[in-house]
Amino acid sequence: MSKRIDVKDLNVYYGNFLAVEDVNINIQAKSVTAFIGPSGCGKSTFLRTLNRMHEVLPGARVEGEVLLDGDNLYGPGVDPVTVRTQVGMVFQRPNPFPTMSIRDNVLAGVKLNNKKISKGAADALVEKSLVGANLWNEVKDRLDKPGSGLSGGQQQRLCIARAIAVEPQVILMDEPCSALDPISTLAVEDLINELKDQYTVVIVTHNMQQAARVSDKTAFFNIAGTGKPGKLIEFADTTSIFNNPSQKATEDYVSGRFG
Amino acid sequence: MTTNSLTTSHGAGRAGDKVFSGAAMAAGCLILAVLFGVALFLVVQAIPALTAPAADIQGGHGFFAYIAPIVVGTLIAAVIALVIATPVAIGVALFISHYAPRRLAAGLGYVVDLLAAIPSVVYGAWGAAFLAKEISPAYDWLATYLGWIPIFEGPASATGKTILTAGIVLSVMVLPIITSLSREIFLQTPKLHEEAALALGATRWEMIKMAVLPFGRPGIISAIMLGLGRALGETMAVALVLSSGVLTASLIQSGNQTIAAEIALNFPEASGLKVNTLIAAGLVLFVITLGVNMIARWIITRHKEFSGAN
Amino acid sequence: MTATVVRKRSALTKGQLPKFAPYIVLAVALVVGAAILALIGFNAFGWGIVSAILFAVGLVSWSGAVEGARKAKDKLATCLVVGAFLIALLPLISVIVTVLINGIPGLITPGFLGTSMNGVTGAFDNKAAEEGAPVLGGIYHALMGTIQITLLATVISVPVGLLTSIYLVEYGNDRPLARAITFFVDVMTGIPSIVAGLFAAAFFFAIVGPGTKTGAVAAVALSVLMIPVVVRSSEEMLKIVPNELREASYALGVRKWRTITKVVIPTAISGIASGVTLAIARVIGETAPILVTAGFATTINNNVFGGWMASLPTFIYTQILNPTSPSNPGPSDQRAWGAALVLIILVMLLNLGARLIARMFAPKTGR
């Protein structure tokens, strides 16, 4: 139950400003794809267009196609809400709902959509999702405590559990470890490795070592200068991006010459 | 691509979105309609007074001759209130934001809020029963020693129920408004500016002069304007405290009247054209306070770009 | 390089007043102040004022002599700022003391809270004042009127105010309509309360008929005053709900309106509730709008849609301005102050309640 993503000729605008230009990329199902690049190159913006979360930002719009197993996200009559149930997202900072318990946080996607679910099914879903997020053993005794009482790394894994409880096809992660300490980062990276058995995972990261550790394929985005649009420079297997890049800019970036 | 699996969605959910955003927008529009309605109904009900023959209006010289002295009286009372309240309010705001110990500051802010919480009718009762009596010796003194200034011309009112007393009560009522707004602004002063001034060896007062006051100036001005708006429209303090009469230059004799108090004192028993006259007076008050408030808001928005806030 | 200078006093404290300087100056100021007041007739208030002036002058000139002009100016500013705060406390203390002293006799009169003014005439008051008979009459009708009018105003204002703030924060996006609403809500906060009353009166005169005065008209007038307060405070509270929570909800495929009702509002509910409570506290003491919309009643009226209705503020106002017995205003004054005390207690309870709500239902952050 995971789908591939094909992006064709995608431009992203903020108002009249072209933020990301002409991206073509094919993301395989059941793989981890990392987006790397300097700040402001549009990689997070592009990530958001993969589940139409950019529409939350005022003035943002796209041109082009994003196909989820052949279905265009931007086709006529497509409801962004349906898109987001299929393409989940985990954010930079852990953001559990402060008014809800750990259990309710995991069930949030189900309950907030007013779907009826029996107590037994809910318990099973909570356990399955928390196990899937490597968090079950740490929280199984305090499911009714507020989610915001957990440590940062636990909160982030709770957010991942919350995302997979909706049973999406794809999980997008926007710098999921940038607010975490090294130990918590390791736990989340281990989790990402396990997630790719079931889901298509796309992760934006500032940390090149992280990209090298967790991803199968890596896309390098760059920006020519302020006010210029961000572009996809190179997309290849992670090993070749880091060891044998075909573009000069990619080599300069991964070898630490800028960025 | 003929079939797109993403187009199947629950129609009910989408309708919920439409209904909810529609209701929210309708509520917003209702507020605009109410404000428009306030203006409209006041104008409609005021027209008979404006078009009536001069002799039918109270006083017998037309609406303008009726309203002019009480407009002036309203302004006098408001100006007295601001002259007293502004320096004290800014001092209190500075005390809470920059002088009081951190732990105490929140509690002191609450004390000032209490001042705002006391109902106006209680201030009015206090002004009439306590302040007027206690302050009348001071008016005698003013009349004796400063009587050569027109505003302190004797003989002072024996009851103390004068426009100056009303102004003092008003100043107590606008003080918390000016204080709380200024306090907010002062607390927003960028810490870096303050620390830069202190690092140059400035004393606390010099730091306030260099960093806090320039930053807060537009905020202070608009706080004063909002206080003015409140002072112009406040009813009870004047209705209960002032023993009203014709327009008088001296602040320590009985006399003068404000629009709000004039309406409150006469409306309950009014009938016929008198009702329209009072509503017309209310319209005048509405226009004046609207102008003052709009200028205050305009100052805030105009200075937003320069102040470094946001 | 090993030469160390041994000083009795640190160079950093040179040219400063000793720490206890203000206390010395204060003691001197109090003594001299008392002496001056003794010459012109002693009273505590004058003593305080004179001593404060002497203290400021003394401390500033001493500082000027020892520490220089800059430090002296700083001391002067401190004295003025602290003085301003003390001056601001005077009316607050005076009002509360006055209301307590005058209000308690009224409040403890039997039947004060439980009876209305129905049938209480000047004759009873004359008897009370001249022969020491108990003061009859109470505020039950006014208390009930205040509660009903305020409740109705709240029922009108909260949905309108809350929905408007939701529009501004969640849907407005700085559109012209949203900016117009923000601007006019600001303008509305500045409407004099009596004008709001006149509007409600004029509105009902035009719709229902001239001279319509009921509790409902008063509630509409109070709503005009209350709505902008509710909008403002709810808007602030919705704005501080982190955007991350909205995004988290959208990313789970939750619709906007369910995100708002199930995530945003529950997160902000304590702030919204306390804002509403403060708005109630603000309008519950409004006198002028009720004066021109609900008339005066001396009897119990439990129908907000028909007949004149009393309220605590208008009760206070009429009892002071038009005593039941013009020749003996004493009993009326006593009732007025008793009602004022009840009103202040109500307002303080609401303020306290607002604080408790804000604290109790605040989202548990855990960190």
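**Domains, interfaces and helix packing**

Modeller: The domain assignment of chain C gives domain 1 (13-107) and domain 2 (140-361), the bounds being taken from an automatic or database domain assignment. This is a predicted model, in which local features need pLDDT of at least 70 and side-chain atom pairs count only at pLDDT 80 or more, while totals for chains, interfaces and linings use all residues. Residues are numbered from 1 along each chain as its sequence is written, and chains are lettered from A and ligands numbered from 1 in the order in which they are written.

Colleague: How many residues of domain 1 of chain C are in contact with domain 2 of chain C?

Modeller: Two residues are in contact if their C-beta atoms, placed from the backbone, lie within 7 Å. Here 8 residues of domain 1 of chain C are in contact with 8 residues of domain 2 of chain C. On the domain 1 side, 5 are nonpolar, 3 polar and none charged; Ala, Val, Leu, Ile, Met, Phe, Trp, Tyr, Cys and Pro count as nonpolar, Asp, Glu, Lys and Arg as charged, and the others, Gly among them, as polar. The C-alpha centres of the two domains of chain C lie 40 Å apart.

Colleague: Which helix of chain C supplies the largest share of the side that touches chain A?

Modeller: H9(C) does, with 7 residues. In this interface 22 residues of chain C are in contact with 25 residues of chain A, and the chain C side has 9 nonpolar, 6 polar and 7 charged residues.

Colleague: At what angle do helix H4 and helix H13 of chain C pack?

Modeller: Axes are lines fitted to C-alpha atoms, for helices over the stretch in contact, and angles run from 0 to 180 degrees between N-to-C directions. Helix H4 (residues 122-131) and helix H13 (residues 330-360) of chain C pack at about 100 degrees, with axes 8 Å apart. H4(C) is therefore roughly perpendicular to H13(C), a term for angles of 65 to 115 degrees. Asp125(C), Ala128(C) and Ala129(C) of H4(C) make the contact with Gly330(C), Pro331(C) and Ser332(C) of H13(C).

Methods. Helices (H or I, at least four residues) and strands (E, at least two) are DSSP runs, numbered from the N terminus. Angles under 35 degrees count as roughly parallel, over 145 as roughly antiparallel, 65 to 115 as roughly perpendicular and the rest as oblique.
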